[in-house]
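Please open the model and keep it beside this note.

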Amino acid sequence: MSRPGEPTGRSQRPHLGAGVEPPSDRFNSALALDANKPDSKDLALDLGSPVSPLRSRAASAAVTSSSSSSSGSLSGKLPASAAAARSVASGGPPGRPNHSGEISGESGATALEGRSLRPGHRRTGSAPLVYSGGGGSSSASSPVANVLPAGNICPSGIIGKTGMIAQKTPRSDVLGSGTGNYGHGSIMRGGTAGAGVGKTGGDMGMGNWVDSVARRAMTSSDLREVTRAANEQYKRGQFAEALRLYDRGIAMSEHSAAYRSSLVSCRSNRAAALMGLGRLGEAVKECKEVLLLDPMNERAHLRLASLYLRLGQVEDAKRHIYFGGQQPEPFELQKLQIVERHLGKCTNARKIGDWKSLLREADAAIAAGADSSPLLIASRAEALLHIHQLDEADSALSSVRKFETSSSSSLQTKIFGMRSDSYIYIVQAQVDMALGRFENAVAMAEKARQIDPIDTEVTMVSNSVRSVSRARAQGNELFKSGYFAEACMAYGEGLKCDPSNPVLHCNRAACWSKLGQWEKSVEDCNEALRIHPTYTKALLRRAASYAKLERWAEAVRDYEALRKELPGDGEVAEAFFHAQVALKTSRGEEVSNMKFGGEVEEIASMEQFQAAISLPGASVVYFMAPSSQQCIQMSPFVDALCTRNPSANFLKVNVGESPVIAKAENVRIVPTFKIYKDGMKMKEMICPSEKVLEVSVRHYSIVH
């Protein structure tokens, strides 16, 4: 058996340490990479890198077949297949040697960096490998000698029972400062260089040590030091710092044929760092660079499959799962099939205009693994648009923008018969139109048309966007010039192209108002609010139209909603007050004492207090003392609150000057607030916050 960290039986110059590969795509059970988490298993070896070793599927299958199903105790000699897998894992034949700085075995992983599998070989087996680690006393046992089946294996190849193997003498080769040249990272003899690395006590903790190493590495000319520092930063979750160091490693190695394997390793590790940062499109490009250097790199193929699945590009994902004629494991294929099935249902739902089903299936595909697919997010936005959830649609599209350049191949992907990027622009154009962003809508539609000029739907939507935008501009000009009937007709022409445009409905409602046709104004406002329920301008125009029609209950309801949306709007507050007065008058209620705005009224007698709290509407009583610091701070806010809520009566009682009122109301602490409505006490607050007070006043000042 070759010595860990040294050439494996062949006379060859060992590779320079290029850094250890970060975690693989872990295609097991979910076919999705979690690049943010290094392997959590406690291994007996310390690689000084963010990852546990990788193993090949071939090795996995061979090892699994020889492992015990219960206690891990084995008997007999190592089977030939396991020995072959072991040889491959250590960098020896069969197959090519693994890349320097990358480990060829991973517990529970599915990808091997730097080794191609034989065409037609089925990747099977998922049982984790157990690393015996030589008794655990060596701080950096190389994985080469430790890719073993479950249980412990003697150096001679005789398999013994678990726990029965004698302790190995600790190796003197440990991870250190990089003065050695032994292949897997930087190794130096003597075991002293890294002796204090793992200690968190003393003068320098692990984090500070890693940071200092990273700073040195940015100016170092030693490739091993750079890649080792990059791996440490990755392991700590510092993906941006790791990325900078991998970039430096790539720059140092890409122009030297001697460092080709190091270049493959750095680029592959760079892809993992990009995934940790959520930059999936760039990770796709980096994996493709790896495949240009090493077309049969299993890790890059599986990572691309995982990335393409997350991006919703099922066909691309399939191509990389089946690379080299390989057969995917059942759970890998099942994951793709689930996403593919939901994508098919999305297409069917869109064809028949079943927007709720489209939304449901898009959500299911995203939950199944296509969590970063701009196409699925755009389809969600389109569905939300058609079920009149415009704000949610706009919010969904805002997250699409960071995925728009996900990968060059996505530009060729088709969805619903359209090029993917043109579809995204078309959806964006329609949402912009609905929200009144007409200029941006035209720009998005034009982009879609340039990308996909022959697609019928793209052409139809683009023409519609232009027509609606033109009608809206014409109607606005006519309205400004006082030609309200003509403006109505212009907006109507736009609605023929887009019947569900809330802006055109609202604009036409304004024309009907100017023409005194209040019922028609209400109808257009109703339609605008049906399409866009939070459309404030439509709500304001409907409230005004209700007031003109003397439908006071409806007017008060709309103004009440507007007060919540626009609490500081004085015009809305005044209109609300007058609608309240009119409503009370229509019901025969007393309104002579109702007032709008004004100052906080100071109460001096019990009779005055009783009369004030019996006034119609809400009365807010502020019990205070001029000497109280809290009252000094609160009084300006109460004055402002009185101005913002003109429909409420604000009263002030100085407890020092009016002790009778304070005693009758059992007020012992100031500031105290009490809210009365039609003479009945509704709420009492002692030393409330400004926010609590304002919310309470607004709630009780509303007339139902």
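1. **The whole protein.** Remember that this is a predicted model. The protein has 704 residues, and 53% of them count as buried. Its secondary structure comes to 26 helices and 11 strands.

2. **Surface and contacts.** The accessible surface is about 30500 Å². Carbon and sulfur atoms hold 52% of that surface. Now take the contacts with a separation of 6 or more: 64% of these join residues 24 or more positions apart.

3. **The sheet.** Find the open sheet of five strands, in the order S7-S9-S8-S10-S11. The pairing is mixed. Strands S7 (601-603) and S11 (680-686) are the edges, so each pairs on one side only. Neighbouring strands are turned by 25° against each other on average, direction ignored.

4. **A reminder on pairing.** Strands of a sheet pair through backbone hydrogen bonds, in either a parallel or an antiparallel sense. Look for both senses in the next two points.

5. **The parallel pairs.** S7 and S9 run parallel and share three bridges. Within this part of the sheet, Glu601 has Leu651 in S9 as its bridge partner. S8 and S9 are also parallel, joined by six bridges. Here Met624 stands opposite Asn654 in S9.

6. **The antiparallel pair.** Strand S10 (residues 672-677) pairs with S11 in the antiparallel sense over six bridges.

7. Another helix, H24 (residues 629-644), forms a right-handed β-α-β unit with S8 and S9.

8. **An enclosed strand.** How many of the six residues of S9 are buried? Five are, so S9 is largely enclosed by the rest of the structure.

9. **A buried arginine.** Is Arg303 buried or exposed? Its relative accessible area is 0%, and buried means under 20%, so Arg303 is buried. What does its side chain reach at 2.9 Å? The side chain of Arg303 reaches the backbone oxygen of Ser268.

Notes:
Residues are numbered from 1 along each chain as its sequence is written. This is a predicted model: local features need pLDDT of at least 70, side-chain atom pairs count only at pLDDT 80 or more; totals for chains, interfaces and linings use all residues. Side-chain values use heavy atoms; hydrogens and water are left out. Two strands pair if DSSP finds at least two bridges between them. Helices (H or I, at least four residues) and strands (E, at least two) are DSSP runs, numbered from the N terminus. Axes are lines fitted to C-alpha atoms, for helices over the stretch in contact, and angles run from 0 to 180 degrees between N-to-C directions. Buried means under 20% relative accessible area, exposed over 50%, partly exposed in between (1.4 Å probe, protein chains only). A crossover is right-handed if, with the strands pointing away from the viewer, the path from the first strand over the helix to the second runs clockwise. A polar contact is a pair of N or O atoms within 3.5 Å; within protein, one must be able to donate a hydrogen and the other to accept it, and residues adjacent in sequence count only if both atoms are side-chain atoms. Contact means heavy atoms within 4.5 Å. Accessible areas come from the Shrake-Rupley method with a 1.4 Å probe; for residues, only the protein chains shown count as cover.
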